[in-house]
Amino acid sequence: MRDLDSIRRFVYREPRTSTGFKVTFMATGPPLSGLCRDVSETGIRAEFDDPLSTGDSGLLILRPPTGVLELRAQVAYIEKRQVGLLFLFETSWERMMTIEFITAIANDPGTSAMVRF
């Protein structure tokens, strides 16, 4: 392997907040439970014991201490057990509410919130 083969292409990513809360992803088949490792305004990185496939889409439920957020998401990448899920916003309101929820996770873990789309 050449040294250049081990270098990943640079892709800008939104700033992420490290976390450790439970998530559920429901695509086809039974719901899959996982652990969110970090979150941004555009998606999450989580670990799942069960296999997922790139391109799978479904309902993602985030369960941080601040409340519950349910929204559509798609598997963007898989690296070992690390899965990148991209939020699929249907409206600008949904995007705005998600950003507010993510901000609450980052800034005030004692806040209570619940958002369903």
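Predicted model: local features only at pLDDT ≥ 70, side-chain atom pairs only at ≥ 80, totals over all residues.
Next, the inside. The protein chain has 117 residues, and 38% of them count as buried. As for contacts, take those in the chain with a separation of 6 or more: residues 24 or more positions apart account for 50% of them.

Now the layout. The secondary structure comes to 1 helix and 7 strands. Reading along the sequence, you get the pattern β-β-β-β-β-β-α-β.

Strand β1 covers residues 17-26 and strand β2 covers residues 32-39; the two run antiparallel and are joined by 7 bridges. To pick out one of the partners, Lys22 has Leu35 as its bridge partner in β2. The two strands form a hairpin, with 5 residues between β1 and β2. In that turn sits Gly29, with a positive phi of about 90°.

β2 also pairs with strand β3, residues 43-48, again antiparallel, and here there are 5 bridges. Asp38 has its bridge partner in β3, namely Arg45. β2 and β3 form a hairpin too, with 3 residues between them.

On to the helix. Helix α1 takes in residues 92-107, which makes 16 residues. How far apart should its ends be? At 1.5 Å a residue the helix should span 22 Å, and its end C-alpha atoms are 22 Å apart, so the two agree.

Which residues of α1 are buried? They are Glu94, Met97, Thr98, Phe101, Ile102, Ala104 and Ile105. Looking down the axis of α1, these buried residues fall within an arc of 155°, so they line one face of the helix. On the face of α1 turned away from the buried side are the exposed residues Ser92 and Asn107.

Last, the aromatic rings. How many aromatic pairs does a search of the whole structure find? It finds 1. That pair is Phe87 and Phe89, arranged edge-to-face, at 5.9 Å centre to centre with 65° between the planes. Phe87 and Phe89 are both buried.

Note on methods: Residues numbered from 1 in each chain as written. Heavy atoms only, no water. Phe/Tyr/Trp six-rings, centres within 6.5 Å; stacked < 30°, edge-to-face > 60°. Buried < 20%, exposed > 50% of the residue type's maximum accessible area, 1.4 Å probe, protein only. Helix = DSSP H or I, 4+ residues; strand = E, 2+ residues; numbered from the N terminus. Contact = heavy atoms within 4.5 Å. Pairing = 2+ DSSP bridges. Expected span 1.5 Å × (residues − 1). Arc of directions from axis to C-beta.
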